[in-house]
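Work through the exercises below with the sequence and the model open. Each task is followed by a solution in steps.

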Amino acid sequence: GHCRLLCKPSALAQHLVRSLGRSAALRGGRWPWPRWPQLQMLWQLLQPPEPEPVVARELLQLPDAGLVALDWLVGPWGAAGGVGGISSAVLLLIPNAAGKVTGGLLQLGLRALERGFIPVIFNRRGHNGCPLTTPRLQPFGDPGDLREAVTYLRCRHPSASLLAVSEGSGSGLLLAYLGESGSSSRLAAAACLSPIFRGRDWFEAGMPWLYEWPLLLHLKQGLSRYAGALAEAVDTDRLLGSRSLRELEETLFCRTRSRPTSWESYWERNEPLRDADEVAVPVLCLCSADDPVRGPPARSLPRELFRSSPYFFLLLTPHGGHCGFPRQGPGRCWAHEAVLEYFRAMTEFLRTEERRKGLLPRPR
């Protein structure tokens, strides 16, 4: 598929090249309109998953009495056969920053379930039907709530490997978590589909209306449910009257009644790559050169990061749109197969290294 892997040379990189080179995912079917990234994006975002997944929800209470929701995918069969298994890997799925759980993300979860993973979706405060019990939402790159969820997953499945994959703007949260946590992230590997690397630049540049307006309406619809609770913290009239994602983000997190802050200070604390040098687990970033949401590759892809860090891998394809990567036939998205192959390759490599170094298995 004319993909290129940009990374720093290492034994891990060589193993990944061999594994992806053998994978049929990168040699999959062809998309009939390769020059239409907007159409590819809509195809993947609007297509419902097949079959329809069955989800079991858990609410996790946080130290400040806030709630996040964990949606366990238990299969399309109505049985909780996927939630369990000692040796299975837990796959944490992180939706975009608006909390929209797309058909593509659900499809990835189903594919992972078929392969023996334990997939679970992380829903932020107030997103996707999760109750908002505090007048506070999660900023773009604040990994505090995600850290609590990861700690809980590690306690629930102490002997299973923990993996994470994010979609679109949700990658800002995952990348921030990996940077802040460093070697204490408790993840074995991570992947980002069409990630947003530079949050401030992304908000300031804006996006095509075909993507921004539906996302803005989705956010306003969710926030309107909690307008009364949020009124003590922000100007809800201004919030619900926002005409861009930047204006909404600034109103929600910078123009607060109790602790207002500047746009510059907000991004000093929330840029996804602010602590990228501290990342200590392998991260595959699957990007398309024609992504209409992320922006032109020259200004939106931090190529130097992939050349200098041994943990970051950029799989760059010329066509695929934003979280699209479509193909004909079963699966519909070749990126899902590539991500699952990447996780298999990482697990294989880490086990080989443990045997080579004579490390004992982690105690339960």
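**Exercise 1. Cavities**

How many cavities of 30 Å³ or more does the structure hold?

Solution. The model is predicted, so local features need pLDDT of at least 70 and side-chain atom pairs count only at pLDDT 80 or more, while totals for chains, interfaces and linings use all residues. Residues are numbered from 1 along each chain as its sequence is written, and side-chain values use heavy atoms, with hydrogens and water left out.

Step 1. On a 1 Å grid over the protein atoms alone, a cavity is a set of points where a 1.4 Å probe fits but cannot get out; lining residues have an atom within 4 Å of a point. Grid points are joined across faces, edges and corners, and the volume is the space filled by probe spheres set on them.

Step 2. The structure holds five cavities of 30 Å³ or more.

Step 3. The volume of the largest cavity is about 240 Å³. It is lined by 20 residues, and A97, A98, H127, L219 and E249 are the closest to its centre.

Step 4. Helices are DSSP runs of H or I with at least four residues, numbered from the N terminus. Two or more lining residues come from each of α6 (199-205), α7 (209-224) and α10 (245-253). The largest share, five residues, belongs to α10.

Step 5. Sort the lining of the largest cavity by class: 14 nonpolar, three polar and three charged residues. Here Ala, Val, Leu, Ile, Met, Phe, Trp, Tyr, Cys and Pro count as nonpolar, Asp, Glu, Lys and Arg as charged, and the others, Gly among them, as polar.

**Exercise 2. Position between domains**

Why does the largest cavity lie between domain 1 and domain 2?

Solution. Step 1. Take the domain bounds from an automatic or database domain assignment.

Step 1. Domain 1 (4-78 + 86-198 + 273-357) and domain 2 (205-270) both give residues to the lining of the largest cavity, so this cavity lies between them.

**Exercise 3. Second largest cavity**

Which residues line the second largest cavity?

Solution. Step 1. This cavity has a volume of about 70 Å³.

Step 1. Its lining consists of I196, F197, R198, D201, W202, R294, R299 and S300. Two or more of these residues come from each of α6 and α12 (297-300).

Step 2. By class, the lining has three nonpolar, one polar and four charged residues.

**Exercise 4. Nonpolar core**

Which residues have the most contacts inside the largest nonpolar core?

Solution. Step 1. A nonpolar core is a set of buried Ala, Val, Leu, Ile, Met, Phe, Trp, Tyr and Cys residues joined through side-chain atoms within 4.5 Å. Buried means under 20% relative accessible area (1.4 Å probe, protein chains only).

Step 1. The largest core has 40 residues, and L92, F122, L146, L174, L178, V283 and C285 have the most contacts inside it. Helix α5 (residues 171-181) gives the largest share, five residues.

Methods
Buried < 20%, exposed > 50% of the residue type's maximum accessible area, 1.4 Å probe, protein only. 1 Å grid on protein atoms, 1.4 Å probe; cavity = no way out; pocket = protein on both sides within 12 Å on 5 of 7 lines; lining within 4 Å.
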